[in-house]
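Please have the sequence and the 3D view open as you go through the points.

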Amino acid sequence: MRIFGTIILLMLVFVTSSCANNKRDKVTNYSTLNIPQTTSLSSSSSPSPNSTPSPSPSQASINLDTIEAVRLRNVAFEHYVNVKQGGSICLNNELNTPVNNEGYYYFCSDLDSIDKLELYLNKVFIEQVTKQILESLNVKKINNKLAYQQADGGSMNDWAKATVKLINKEKNTCSYEFLVPTADGAKSQIILVNYIYIENAGWRVGTTPGKLK
């Protein structure tokens, strides 16, 4: 009986929490979801720039339901982390060897050009956010090779225990509010994630990655 009730609850969340074209409504109650923990900044495993999540964000329909919004937030942050780590197709000594004493490292072969970086980030972010990410990394060429400035970063937020609710939806935009507790459970913070539908591409995250972690 309990399992049946849980299924009904998830069906209601799916139906009511959808960003549809030319509709506006609000979901007043938080929907508790099992939001997978995203890749840690200290993790050595990162998604390949050539891998395509299923379903692909670029092929998402005009409707963005709660589950897809959560998934896209997670994939976007994983892409951001992978870029901050310099890519995934690299030898360990290449990843861990600084180019100079300013904290610069060479990008791996999968992300060793501006075109590759933009293509990879634009799969999940709007172009304006992609530009902000690249500017924040202080990307430049050293010895005719693209390099980035490594920066420490992490989060005490426990996304595995986060809850989410739909805040606003318009024709091609949508906003979800995440209530994310800290790992020690001492407090929670509200994180607003904006999504924008790009014609012939799909939904993209319009929020800077610093607010996604």
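Just after helix α2, Gly86 adopts a positive phi of about 90 degrees. Helices here are DSSP runs of H or I with at least four residues, numbered from the N terminus. This is a predicted model, in which local features need pLDDT of at least 70, side-chain atom pairs count only at pLDDT 80 or more, and totals for chains, interfaces and linings use all residues. Residues are numbered from 1 along each chain as its sequence is written, and side-chain values use heavy atoms, with hydrogens and water left out.

**Helix α2**
- With 19 residues, α2 reaches 27 Å from its first C-alpha to its last, close to the expected 27 Å (1.5 Å times one less than its number of residues).
- At the N-terminal end, Asp65 caps α2, with a side-chain oxygen 3.1 Å from the backbone nitrogen of Ile67.
- Of the 19 residues in α2, 17 are buried (under 20% relative accessible area, using a 1.4 Å probe and protein chains only).

**His79**
- His79 sits in α2, which covers residues 66-84, and is buried at a relative accessible area of 4%.
- Beyond neighbours within four places in sequence, His79 is in contact (heavy atoms within 4.5 Å) with Tyr120, Leu121, Lys123 and Val124.

**Confidence**
- The protein averages a pLDDT (the predictor's confidence in each residue, from 0 to 100) of 75, and 69% of the residues score at least 70.
- Confidence is highest in helix α4 (residues 114-121), at a mean of 96, and lowest in helix α1 (residues 2-16), at 40.
- Where pLDDT is low, the predicted coordinates should not be read in detail.

Note on methods
Helices (H or I, at least four residues) and strands (E, at least two) are DSSP runs, numbered from the N terminus. Buried means under 20% relative accessible area, exposed over 50%, partly exposed in between (1.4 Å probe, protein chains only). A polar contact is a pair of N or O atoms within 3.5 Å; within protein, one must be able to donate a hydrogen and the other to accept it, and residues adjacent in sequence count only if both atoms are side-chain atoms.
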